[in-house]
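User: Could you walk me through this one, step by step?

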Amino acid sequence: MRSVGSRRSRVKGIFAGVASVGALLVLGAATPAVSAPRGVAEDNSSMIMVLDSSGSMADEDGSGGTRIASARKAVGTVVDSLPDGHPTGLRLYGSEKEQGCTDTRLAEPVRPLDRAAMKKAVARVRPKGDTPIGHSLRKAAEDLPEVRDGAVGQRTILLISDGEDNCGNPEPCEVAEELAGRGIDLRIDAIGFQVRGKAREQLECIAREGDGAYYDAPDADALARQLQRAGRLSADGYRFKGKRIEGGGEAGEAAGLAATSGQYLDTIASGEKRWYEVRADRASTLSFAATAVPEPGSHVGQLDGLRTEMTAPDSSGNCTSSTERFGQDEGGVPLVSGVSRIPGGTDSSGTCDRGAGRYLLSVERVESEDGPDGARWPLELTYRVEKPLEKGVTPAQSQPEFGEGGRDAELPQGRPRTVHGGTGFNDATAIGKGVWRDKVLPSQTLWYRVPVGWGQQLRYDVEFSNEPTAHEYGPEFTFSRTDTYTPARQPVTKGLGELSTSDTYDGDPGKVSGGTVPVSWTNRWESSQNVVPVHTRGSYYIAVTLGAGAARIAENPDVRITLRVDVKGEAKAGPEHNSPAVKAGTGSGSSRSDGQADSAARGGAGWSSFTVGAIASGVGVLLAGLALWFVRARRGGSGRSGPGGPAGPGGPAGYGGHAA
């Protein structure tokens, strides 16, 4: 393990307080519960491992055993790390006869994970024959179940080989390209076990053309960790939610969205532009966001990205646009772009404020010359309508400065609580003020949500730990990154300046930071692109990403991270000037003057994660109160919350509120 040198001392505290039923109600409203580990597989995802069982797998691997023995152990390790019930199968090639370019068989069908059966199947493998990779990939694609109509899933072929195809017909790279071109839900990852030269080049080509990632495994330990990484990324893919829609190929063919808030699913091809339309009134704020989710680690260029535009009624060109780019070429990660129509105020002309009528919304996949082509990307689209304030309500002043949430902000210290980040916006894990501990895989983005009320601001650091490093590659580095999003999924990271949202990572400790200015209704009329979106209370999202290059750096399958999260300031009851602080028991701080988004977002395309969390929180609070009353009645004692109570070691979370 690398030496860290001098470390900053950290203050450790123990928090305890007397709790009454009334205090529990306040805490329950302010603090979401920590999600349990995702231990059960989600629908629409599946994986089949294609294991090289050719004669060369009987060779020694340099550690005193054979390659097939190391493969058996690695397969056992990965099936132990997969979620219960995750549909998984095993296909072999070269295991039946000494020669034969059709020698492939399904050793274990794709079905809800049976760990014992998978281990027995691989234990019976005896290496014998040729290496018909291309033929085996085609068969493996047939082994995977189809995704049900209207759903978005992730089907993975995970190839493990110690050499190149020696049959040649069909050619493996061509097969990979053919399979990836069939749809958005199939990827091919490849792991090269002690390969070099042409064999490695072929496996890299298979992964690239198959819209997947290549993992190099120079020894048995590397094989085990790379197989775990690939398997867990397959099982923990982005969980989509929304109504199926097909955007038009041009403005005149725009697909209609409901006039109320909603969430939709579409796909987009290389260089394509998709069009949508919506009828809007003259006074509401409209927010449109597109989340593109390329396969983790798949080929992308630094300048590849996603562009959203809004075109006002009776206009020929867009009135506002936003482009988000990957900014790295290590591999695909989720990318979010958003635009808003903001009606003008007394001293502001607003943004794209062209009155009522038909507004066009578009999403374009922007690519550089060396960018990828082939596989379509799934798109998750959200459209949010935010009503204006009631007549006569004077909103509080804007809050365009970071203030105490700046670069040198004080953040919670103390013992961290373990948390498991979500796969995307829809299952983002609810956390509050405190210190949180998690682990992130190379090519993975973890998602969290934090309730932030009127007058409050989010501020956090993500610390990447000191990790033992693999020695076979020499000096390597990758990137670490965090992004912050509003309840309407509008990015607030671009050009942040005040905070370092990205950094390099080489196994030594590193840190990235994120946050917002204080939430204010009138922020929408400011000029800064990181102030304007922070104009409503609700769940603000934190995304944490580790680059694909970490697969060549870290000796462990994943990298430990620590999140220090603070919600600064006192939550106000509403957006109006001189609004009082939230009273105990009133929760998120809403007022009748609050210009909230309409409720259709929770009805048309499924409830928002924050709505579900609020309901669950209410039930939890009620049960907690009853339990406390019962214990006190039986024992006559007073209830206490120990260290690291419901809100985490840093204390209660900030008051949250509405989210679309």
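**Cysteines and a helix pair**

User: Are Cys 173 and Cys 205 buried or exposed?
Analyst: First, a caution: this is a predicted model, where local features need pLDDT of at least 70, side-chain atom pairs count only at pLDDT 80 or more, and totals for chains, interfaces and linings use all residues. Residues are numbered from 1 along each chain as its sequence is written, and side-chain values use heavy atoms, leaving out hydrogens and water. With buried meaning under 20% relative accessible area, exposed over 50% and partly exposed in between (1.4 Å probe, protein chains only), Cys 173 and Cys 205 are both buried.

User: What is the relative accessible area of Cys 101?
Analyst: Cys 101 is joined to Cys 167 by a disulfide. Cys 101 lies in the loop between strand S3 (88–93) and strand S4 (104–111), and Cys 167 in the loop between strand S5 (154–161) and H5, so the bond ties together parts 66 residues apart in sequence. Cys 101 is partly exposed, and its relative accessible area is 33%.

User: How many disulfides are there?
Analyst: Cys 319 and Cys 352 also form one, their sulfur atoms 1.5 Å apart. The count comes to three.

Definitions and conventions
A disulfide is a pair of cysteine sulfur atoms within 2.5 Å. Helices (H or I, at least four residues) and strands (E, at least two) are DSSP runs, numbered from the N terminus.
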